[in-house]
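Work through the two exercises below with the sequence and the model open. Try each task before reading its solution.

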Amino acid sequence: MCLAIPGKVVKVDAEKGTATVDYEVEQREAGTVLVPDVTVGDYVLVQAKMIVQVVPEQQALDALAAIHEADERREKWAPGGTGGVSGDRGGRDA
Amino acid sequence: MRDPVGLVLMRYAFPCAEISVRLGHITQEEYDALEAALLAGESFPRTRLERFFPAAVRRMKEVAEREGILDYWSLEALHAYFLGEHTRYIDAGDGMLGEMMACEKDLCRCRIGEVLQVVEGNEMVLRVRTNEGEETVLGRYLPTAKKGDIVVSHRRFATEILDGETAARYGSLRT
């Protein structure tokens with residue numbers, strides 16, 4: 001299950017200690033206390049409503065490309081299935 | 001419910017539970033209840049935790065069997081997995097651990113460190129010194145942590161306070 005999806009920071013509210021993170025299909029607010037230097041444009045991992053890590057851009061882009069590829073394969077074999085970065089990725093882990 | 005093994009397992013595994021919600025393996029209601037239980041210091045029933053976190057439980061069983069630990073549902077087995085073997089499972093790419101980004105693999109490793117400072121605010125934050133340097137972790141689910149404690153962090157969440165024997169066994173800190 002340790003397979004988080006990177007999101008892109010589109011807004012930082014330093015006063016509130018929060019950032020808005022974009023996941024293509026939705027945006028979510030997350031705390032920045034662990035990454036006080038996070039800036040707009042950074043790719044990040046969020047857990048329990050907290051940004052826990054800034055992801056190197058190339059790693060994030062590669063991960064998102066792999067997710068889109070998996071979504072396309074699923075759409076091909078299961079028309080009408082749910083796609084997008086919040087779709088089913090199978091398996092559980094910890 | 002007081003089940004120390006279940007409660008500690010929840011602290012290790014909960015940071016990943018959002019993914020299970022997204023996958024449809026845990027409902028949002030179950031996720032919310034898990035967090036509420038963590039905040040209250042209570043465990044979910046073992047049967048539900050085994051369903052929520054099957055990979056971690058499988059590995060606890062495997063490690064327990066290899067090390068001759070009779071009961072996989074024990075702190076001894078949990079420590080043997082998370083503190084002893086978790087990194088090796090990550091490096092081996094076991095299950096979905098193999099699909100993580102490189103930076104997430106590093107994030108997923110369990111680290112043992114000494115609490116240098118507790119910062120109270122909107123979020124309880126711990127400054128922790130590990131053998132790899134200092135890091136900031138969330139103390140949200142481990143509110144009893146205090147300066148000088150030896151704690152474990154997993155995915156930047158403090159998961160438990162170790163006794164001296166366990167800390168010495170799994171993570172001799174350099175002075």
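A residue is called buried under 20% relative accessible area, exposed over 50%, and partly exposed in between (1.4 Å probe, protein chains only). This is a predicted model, in which local features need pLDDT of at least 70, side-chain atom pairs count only at pLDDT 80 or more, and totals for chains, interfaces and linings use all residues. Residues are numbered from 1 along each chain as its sequence is written, chains are lettered from A in the order in which they are written, and side-chain values use heavy atoms, without hydrogens and water.

**Exercise 1.** Decide whether B:Thr136 is buried or exposed, and find what surrounds it.

Solution.
1. Locate the residue: B:Thr136 belongs to strand E3, residues 133–138 of chain B. Strands here are DSSP runs (E, at least two residues), as helices are (H or I, at least four), numbered from the N terminus.
2. Compare the area with the cut-off: the relative accessible area of B:Thr136 is 14%, so B:Thr136 is buried.
3. List the contacts (heavy atoms within 4.5 Å). Apart from neighbours within four places in sequence, B:Thr136 touches B:Val125, B:Leu126, B:Arg127, B:Arg156 and, from chain A, A:Leu34.
4. Check the side chains: those of B:Thr136 and B:Arg127 form a polar contact of 2.4 Å. Such a contact is a pair of N or O atoms within 3.5 Å; within protein, one must be able to donate a hydrogen and the other to accept it, and residues adjacent in sequence count only if both atoms are side-chain atoms.

**Exercise 2.** Describe the make-up of chain B.

Solution.
1. Count the elements: chain B has eight helices and five strands.
2. Read their order: α-α-α-α-α-α-α-β-β-β-β-β-α.
3. Find the buried share: 56% of the 175 residues in chain B.
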